[in-house]
Amino acid sequence: MGIALEDFEKGQVITGDPITVTRDELIGFAREFDPQPFHLDEEAAKETFVGTLIGSGWQTACFGMRLLHRDAFRGCTSMGSPGIDELRWLRPVLPGDTLRARIVVEDTRVSASKPDRGLVRFTLALNNHGDHRVMRQGFTVMFARRDTAPSAPRSVAPAPASEPFPEGDDAVLLPFLGEAEIGAVRDLGRHRFEPDAIMAFAKAYDPQDFHTDPEAAEKTHFGGLCASGWHTAAIWMKRLHATWARDIALTARSGPVPQLGPSPGFKDMRWLRPVYAGDTLRYATKLVGARASSSRPGWGIASHHNTAVNQRGEPVFEFTGSVFWQWSA
């Protein structure tokens with residue numbers, strides 16, 4: 001056993017060496033998952049809410065996961081996380097920034113329902129080279145207990161074979177936030193999680209055995225290769241942009257298109273079931289709130305609840321996020 005519940009105690013502070021992020025790394029992630037102008041190109045970014053090239057917040061969260069695995073997990077495998085209570089993006093990450101993690105153990109407890117494991121509640125802060133905080137999050141991770149008989153691995157049914165499915169062709173008008181319908185739901189389409197993509201993402205950001213090695217994954221409590229929770233979240237962002245691209249094109253044919261800005265953060269992210277190799281998720285987003293920004297005239301902050309279900313209709317993922325959205329033309 002590489003890491004166990006007993007290796008953590010309340011009040012423990014864990015740190016490590018910094019990592020440096022490159023322009024190519026930021027743009028590469030954005031092209032795949034978060035293709036907004038201020039993540040892709042310096043000149044295009046000048047005309048946006050942000051005004052300069054910055055990294056995707058989702059990638060910043062993934063950098064945090066990379067450092068958590070290296071510094072707190074010590075390169076070993078946990079038993080996964082049920083989710084993130086809250087995450088705040090406090091300052092943008094720029095090309096060439098160095099990031100250092102400060103991880104604090106807030107609490108530990110033995111699971112009441114599964115005596116072979118326990119839960120550790122952490123806070124993780126990322127600071128840049130100027131010692132400015134760029135992200136803070138609170139979350140829980142499961143760990144095996146030392147000298148306790150482990151539960152048997154799950155029995156994982158192979159995902160049914162499916163034909164490649166085309167990108168949707170539906171589109172709706174994208175409103176300015178001041179005119180948007182609270183409660184409106186937008187279907188974001190489907191994504192199939194292929195083994196190679198699961199392993200490539202995990203090797204970059206979340207290199208735990210059950211994400212990177214099919215044979216080793218079968219021996220873990222998951223019972224098979226499954227996607228990182230951050231991969232599940234990044235695909236939500238990918239599906240959002242793919243869908244909104246059609247909506248923006250339709251809107252542009254009849255009038256002005258509202259700009260979208262960055263996100264201040266999210267809360268209550270829950271990974272409800274593992275996403276196994278071959279699973280197909282269908283994502284959706286629902287607008288649940290809107291308010292005008294007091295600090296940025298002409299802009300507002302939208303609250304949205306996001307979900308994903310697998311091919312069996314089982315909920316696997318949800319969170320409530322926020323994003324800057326142009327309020328009016």
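This is a predicted model: local features need pLDDT of at least 70, side-chain atom pairs count only at pLDDT 80 or more; totals for chains, interfaces and linings use all residues.
Residues are numbered from 1 along each chain as its sequence is written, and side-chain values use heavy atoms, without hydrogens and water.

**View 1. Strand 4 pairs with strands 1, 2 and 5****.** Strands (E, at least two residues) and helices (H or I, at least four) are DSSP runs numbered from the N terminus. Two strands pair if DSSP finds at least two bridges between them. Strand 1 (residues 13-15) runs antiparallel to strand 4 (residues 98-110) over 3 bridges. Here Thr-15 faces Arg-102. Strand 2 (residues 19-20) joins strand 4 through 2 antiparallel bridges, with Thr-20 opposite Thr-98. Strands 4 and 5 form a hairpin with 6 residues between them. Val-105 stands opposite Phe-122.

**View 2. Phe-122 pairs with Phe-8 and with Phe-139****.** Rings of Phe, Tyr and Trp (its six-membered ring) pair if their centres lie within 6.5 Å; planes under 30 degrees apart are stacked, over 60 edge-to-face, the rest tilted. The Phe-8 and Phe-122 pair is edge-to-face, at 5.5 Å centre to centre and 85° between the planes. Phe-8 precedes strand 1 and Phe-122 lies in strand 5, 114 residues apart. Phe-122 and Phe-139 are stacked because their centres are 5.5 Å apart and their planes at 25°. Phe-139 belongs to strand 6, 17 residues from Phe-122. Phe-139 is buried too.

**View 3. Arginines sit over phenylalanine rings****.** The criterion is NZ of Lys or CZ of Arg within 6 Å of the ring centre and within 35 degrees of the ring normal. Arg-190 lies over the face of Phe-165, 4.3 Å from the ring centre. The charged end of Arg-296 is 3.8 Å from the centre of the Phe-49 ring.

**View 4. Ring pairs build a cluster****.** Its members are Trp-58, Trp-89, Trp-236, Phe-266, Tyr-283, Phe-317 and Phe-319. The whole structure holds 24 aromatic pairs.

Conventions
Buried means under 20% relative accessible area, exposed over 50%, partly exposed in between (1.4 Å probe, protein chains only).
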